[in-house]
Amino acid sequence: MNTPRNIEYLLEEIITLPSLPATLARIIQLLNDPESSLSDVGKAITQDPAIALKTLRLANSAAYGLREHVTSVEHAVALLGAKVIQNLVLTATVFDTLSHSAGLVFQHSIAAGLAARAVLRAGPIRLPLQPDEAFVYGLLHDIGKIILEDYMAEDLMQAEEVSRSRRIPAYQVECEVIGADHAEVGGRLAMNWRLPESIASAILAHHDLSRCDNDDSRRYAALLNVADAMCIEAGLPSYEGAVVGDSGESWALLGVESVTIPAIMDDFFASMPEVQELTEAMS
Amino acid sequence: MSTTNPSSSPSTFSNPLNNWKQQGAGVVGPVTLNDGTRGRIVLIGPRNVPGGAMAVLQDKDGGPVKSLPLTAILERLAPADVVAILCAQERQFGESGLPALNPS
């Protein structure tokens, strides 16, 4: 009898999730320690040159809108504050760990981050998030796809082809072909890395809001769901021809009405130059 | 956070607004408003041109055909449909560098 493939089987037999990078673990520990200072955080980042460099590149990108060019991590920490720095380091570390095979998923992730940010900027919406935090949520939403590309590239490609030919969203075909979808894999990775619960559950549920057990969590997932849909409708890299899922429930959960959509889309379209800039900053 | 079976997800959906067709210099796609009124969206120019996106509608009870700018019917459209329309318009006529629409 064949063993049924599901997320548990994949994680036991096929996929080895990468461990939490030491730098990120240290930063999270420091930021949660009331006795540590921002200076301690800056020093911890500086001890990992690759992460420090990417953090600085991100801090100087248009996405963060600093008026002055920062050349030291300590300076960036002082200007941007603990929460933003945590998100910057999280982003830099995740993509430093995973980007060896990220390819076009990487560009899609950046575009989804910009889309999520545009939704927050047009506010008010029913989420206690700042636009730059929303950007990080969008950036991380497809980390499971990067893992699947590493371990199951042929299956993933087959799922995408079936999705296009049958005109159903790719994540649904992933469940049939692979045994789990990229959202489940990404959610597990985020949980293993002890990323904030709101990020982990949003990644897990961004294609299926019923995976969340309360409305607050569902709204975070809804933000990623609409950001993903915006990118697919915009025909952005790697998703040309992809089938968009129904984002109606997500827009309703966020409390965004149709009359607000033009402002959101104007912001999103205007941010397209940032896709290239941020791709280079994190490469 | 629950981990329900993903295959039970209810959303099997293909947005009808993906069915854009080239008609002359414009692009046309079907649309259904929130109240069930059916019609077409006609894209003929970029966002900053008045009338760049028009809706051609006929009431459910068969009244005269009306032609209205997209901005006049936003409240009668689902947010996801507005996203689809604006993306199609930007891809066809905009300058933000999005991939071309390639209507059938």
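From the N terminus on, chain B runs through its elements in the order β-β-β-β-β-α-α. That makes five strands and two helices in chain B. The model is predicted, and every value below is computed from it.

**The two chains**

Chain A has 16 helices and zero strands. Its radius of gyration is 18 Å, close to the 19 Å that the globule rule gives for 283 residues, so chain A is as compact as a globular protein of that length. Along the principal axes, the C-alpha trace of chain A spans about 55 × 50 × 35 Å.

The table sets some values for the two chains side by side.

| Chain | Residues | Buried residues |
|---|---|---|
| Chain A | 283 residues | 53% |
| Chain B | 104 residues | 33% |

Contacts can also be sorted by how far apart the partners are in sequence. In chain A, 64% of the contacts with a separation of 6 or more are made by residues 24 or more positions apart. In chain B, 39% of the contacts between residues at least 6 apart in sequence join residues at least 24 apart.

**Domains of chain A**

Chain A is divided into domain 1, residues 19-98, and domain 2, residues 102-283. The C-alpha centres of these two domains of chain A lie 24 Å apart. Their contact takes 16 residues from domain 1 of chain A and 17 residues from domain 2 of chain A. On the domain 1 side, the elements that give two or more residues are helix H4 (49-59) and helix H5 (73-98) of chain A. H5(A) gives the most to that side, with eight residues. By class, the residues on the domain 1 side divide into 11 nonpolar, three polar and two charged.

An α-helix has 3.6 residues a turn, so residues three or four places apart point the same way.

**Where the chains meet**

The contact between the chains takes 38 residues from chain A and 30 residues from chain B. On the chain B side there are 15 nonpolar, 12 polar and three charged residues.

The largest nonpolar core has 125 residues. Those with the most contacts inside this core are A:Ala115, A:Ala116, A:Val119, A:Tyr137, A:Leu223, A:Ala227 and B:Val83. H5(A) supplies the largest share of the core, 12 residues. At least three residues of the core come from each of domain 1 and domain 2 of chain A.

B:Val83 has partners in chain A: leaving aside its neighbours within four places in sequence, B:Val83 is in contact with A:Ala229, A:Met230, A:Glu233, A:Ile261 and A:Met265.

B:Asp81 is found in helix H2 of chain B, residues 79-93. It counts as buried because 23 C-beta neighbours lie inside 10 Å, the cut-off for a buried residue being 20 or more. B:Asp81 and B:Gly97 are 16 residues apart in sequence, and their C-alpha atoms are 21 Å apart in space.

**Loop residues of chain A**

A:Asp213 lies in the loop between helix H12 (197-205) and helix H13 (215-233) of chain A. With 14 other C-beta atoms within 10 Å, A:Asp213 is partly exposed. A:Asp213 and A:Ile261 are 48 residues apart along the chain, and their C-alpha atoms are separated by 28 Å.

Two arginines in other loops have backbone angles worth a look. Most residues other than glycine have a negative phi. A:Arg167, although not a glycine, has a positive phi of about 55°. It is found in the loop between helix H9 (153-166) and helix H10 (170-177) of chain A. A:Arg167 counts as exposed, with 12 C-beta neighbours inside 10 Å.

The phi of A:Arg194 is likewise positive, near 55°. A:Arg194 has its place in the loop between helix H11 (182-192) and H12 of chain A. This residue, A:Arg194, counts as exposed because it has 12 C-beta neighbours inside 10 Å, and the exposed class holds residues with 12 or fewer.

Methods:
Residues numbered from 1 in each chain as written. Chains lettered and ligands numbered in written order. Predicted model: local features only at pLDDT ≥ 70, side-chain atom pairs only at ≥ 80, totals over all residues. Domains from an automatic or database assignment. Contact = placed C-beta atoms within 7 Å. Helix = DSSP H or I, 4+ residues; strand = E, 2+ residues; numbered from the N terminus. Nonpolar A, V, L, I, M, F, W, Y, C, P; charged D, E, K, R; others polar. Core = buried A, V, L, I, M, F, W, Y, C linked by C-beta atoms within 7 Å. Rg over C-alpha atoms; globule rule 2.2 N^0.38 Å.
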